[in-house]
Amino acid sequence: MTQILHDAHETGSHPPARVRWAILGVVLAADVLDLLDGTITNIAAPTITHDLGGGTALIQWLGASYALALGVLLVLGGRLGDKYGRRRLFLTGLAGFTAASAACGLAPTPGTLVAARLVQGAFGALVIPQGFGILGATWPRDQIGKAYSLFGPVMGLSAVGGPVLAGFIVDADLAGLGWRPMFLINIVLGGAALLAAARLLPRDTGDRATPVDVPGSVLLGATMLALLTGLIEGSAHGWDAIPVLLLLAGLALFAGFCRRQRTAPGPLIRPSLLHNRGFTSGLVIGVVFFAAVAGLLYVVSLFLQQGLGRSPAAAALALTPLSAGIVVASIACYRLIGRLGRRLVLIGFLVTLAGTAHLLALVTVSGTDTGGWSLVPPLLVIGLGMGACFGSLYDVTIGDIAPEEAGSAGGSLGAVQQLANAIGAAAVTTVYFRTGGGAHATTVSLTVVAAITLLCCPLVRLLPLKAPEQHH
């Protein structure tokens, strides 16, 4: 196998079809592992907190820490792959991710678990950006569409099945380990993917001349860490001087990051992109909306378990209509984006708002007596609205940028979505816990999410009219 790949690389040809499909399988496996580990703590957080302690702060950090590290380092991971070789970064990232998963599963304290989640997200940021580059180097241009077409269905199935699998693993209490096998299983899955990747991925040397903005990444990471720590500490222990100072420090660090992006030789975000009104508007709207819905998912999971007394598996099953709605709408909107453009984004916002309002009314009226089947319609509608936005907002955002800026824009938008997930997990759950938890806190949190979604609707007119033709 190694000789086949070497010969293909030397002659400039592509490896045989069976090798290409095997490489695609490795890339997909890595992306699935990332998606699963980004979402499983939504379901398992109450159980983990009950076992380790840590209170509300641990619940908030479990999801935010992974998304924080992934979002901060995602663009940097792509640049490192260009500089040192995608194969090397993919293998390094996958090995580190697997080891960090083992550390998560064996963590004895809340602090060690959060630290392991940060490391897990950091190594995930080395793996994920390499996938499309590896496929581009191993698949013929006229056939690569077949490879890309599998990402939507596979990621969709993972989004639906991952939390359900996590819930059943927690409920099964395998060998008396409770939630820990949810992470420990990655030793087997990640180890198998690592062995396959080492055997299959073609060698590449990279380009040592590629600029890497390490100081920019450090400033962005420090910014997000200060802001999230301030939010979480304030909600958990009260708004005394420390969380306020952390928030102010985060704003100061963000100013330093913005200055760095204007002066760095290879900035994480091209300054010309920030001068583009449509792109900047999409960036801001994306942060606000994705943060709101990420927080919504966390709050609904907490309400199902802490308010309605559902087990992790039952809570995960209750959320499947929402996940299914995201998958269905994402696939459907892929064909509509070219015709509807930014109107599709507005439709997604309005559908999400309608589902959130329905869920808000249901919880307000029924409280902790809310029946399981009554949750299906509003959660399905929310999922359909979210899927319409996921499949269109960022496509439209790059509608009027220059073709040579597309790579930088795509990497920046992917990173921003992960950072929005971290912000939302911290901010909306802060509202939830500060209002006491349970049904009342859920209604307040849903009201905040509905208000944010409503605010996003008129801002859609700032986006470009259409997505670029070649993109969809």
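What follows is a set of questions and answers on this predicted model.

Visitor: At roughly what angle do the axes of H3 and H4 cross?
Guide: H3 covers residues 55-84 and H4 covers residues 86-106. Their axes come within 8 Å. The crossing angle is roughly 150°.

Visitor: Is H3 roughly parallel or roughly antiparallel to H4?
Guide: The axes cross at roughly 150°. Angles over 145 degrees count as roughly antiparallel. H3 is therefore, relative to H4, roughly antiparallel.

Visitor: Which residues of H4 make the contact with H3?
Guide: H3 brings Tyr-66, Leu-80, Gly-81, Asp-82 and Tyr-84. Facing these, H4 brings Arg-86, Arg-88, Leu-89 and Phe-97.

Visitor: How many residues of the contact of H3 with H4 are nonpolar?
Guide: The contact includes Leu-80 of H3 and Phe-97 of H4. Its residues also include 1 polar and 3 charged. The nonpolar count is 5.

Visitor: Which residue forms a salt bridge with Arg-86?
Guide: Arg-86 belongs to the H4 side of the helix contact. Its salt bridge has the closest N and O atoms 3.6 Å apart. The partner is Asp-82.

Visitor: Are Arg-86 and Asp-82 buried or partly exposed?
Guide: Buried requires under 20% relative accessible area, and exposed requires over 50%. Arg-86 has 27%. Asp-82 has 32%. Arg-86 is partly exposed, and Asp-82 is likewise partly exposed.

Visitor: How many salt bridges does a search of the whole structure find?
Guide: Arg-86 forms a salt bridge with Asp-82. Asp-51 forms a salt bridge with Arg-180, and Asp-213 meets Arg-260 in another. The search total is 3.

Visitor: How many residues apart in sequence are the parts tied together by Asp-51 and Arg-180?
Guide: The closest N and O atoms of this salt bridge are 4.0 Å apart. Asp-51 lies in helix H2, residues 17-52, and Arg-180 lies in the loop between H8 and H9. The pair therefore ties together parts whose separation in sequence is 129 residues.

Visitor: Of Asp-51 and Arg-180, which is buried?
Guide: The cut-off for buried is under 20% relative accessible area. Asp-51 has 46%, so Asp-51 is partly exposed. At 16%, the buried residue is Arg-180.

Visitor: Where do Asp-213 and Arg-260 lie?
Guide: Their side chains meet in a salt bridge at 2.8 Å, N to O. The pair ties together parts 47 residues apart in sequence. Asp-213 lies in the loop between H9 and H10, and Arg-260 in helix H11.

Visitor: Which element gives the most to the largest nonpolar core?
Guide: The largest nonpolar core has 130 residues. Ile-48, Phe-90, Met-182 and Phe-349 touch the most other members. With 16 residues, the element that gives the most is H2.

Visitor: Which residues is Met-182 in contact with, leaving aside neighbours within four places in sequence?
Guide: Met-182 is one of the core residues that touch the most other members. Its contacts beyond those neighbours are Ile-40, Ala-44, Ile-48, Ala-166, Ile-169 and Val-170.

Visitor: Is Ala-166 buried or exposed?
Guide: Ala-166 sits in helix H8. Ala-166 touches Ile-40 and Met-182, not counting residues up to four places away in sequence. With a relative accessible area of 3%, Ala-166 is buried.

Visitor: What is the phi of Asp-173, and what is the phi of Ala-175?
Guide: Most residues other than glycine have a negative phi. Asp-173 and Ala-175 are not glycines, yet each has a positive phi. The values are about 50° for Asp-173 and about 55° for Ala-175.

Visitor: Is Ala-175 buried or exposed?
Guide: Ala-175 is found in the loop between H8 and H9. Asp-173 is found in that loop too, and counts as partly exposed at 37% relative accessibility. Ala-175 has a relative accessible area of 78%, so Ala-175 is exposed.

Conventions. Residues numbered from 1 in each chain as written. Predicted model: local features only at pLDDT ≥ 70, side-chain atom pairs only at ≥ 80, totals over all residues. Heavy atoms only, no water. Axes fitted to C-alpha atoms, helices over the stretch in contact; angles between N-to-C directions. Helix = DSSP H or I, 4+ residues; strand = E, 2+ residues; numbered from the N terminus. Parallel < 35°, antiparallel > 145°, perpendicular 65-115°, else oblique. Contact = heavy atoms within 4.5 Å. Nonpolar A, V, L, I, M, F, W, Y, C, P; charged D, E, K, R; others polar. Buried < 20%, exposed > 50% of the residue type's maximum accessible area, 1.4 Å probe, protein only. Core = buried A, V, L, I, M, F, W, Y, C linked by side-chain atoms within 4.5 Å.
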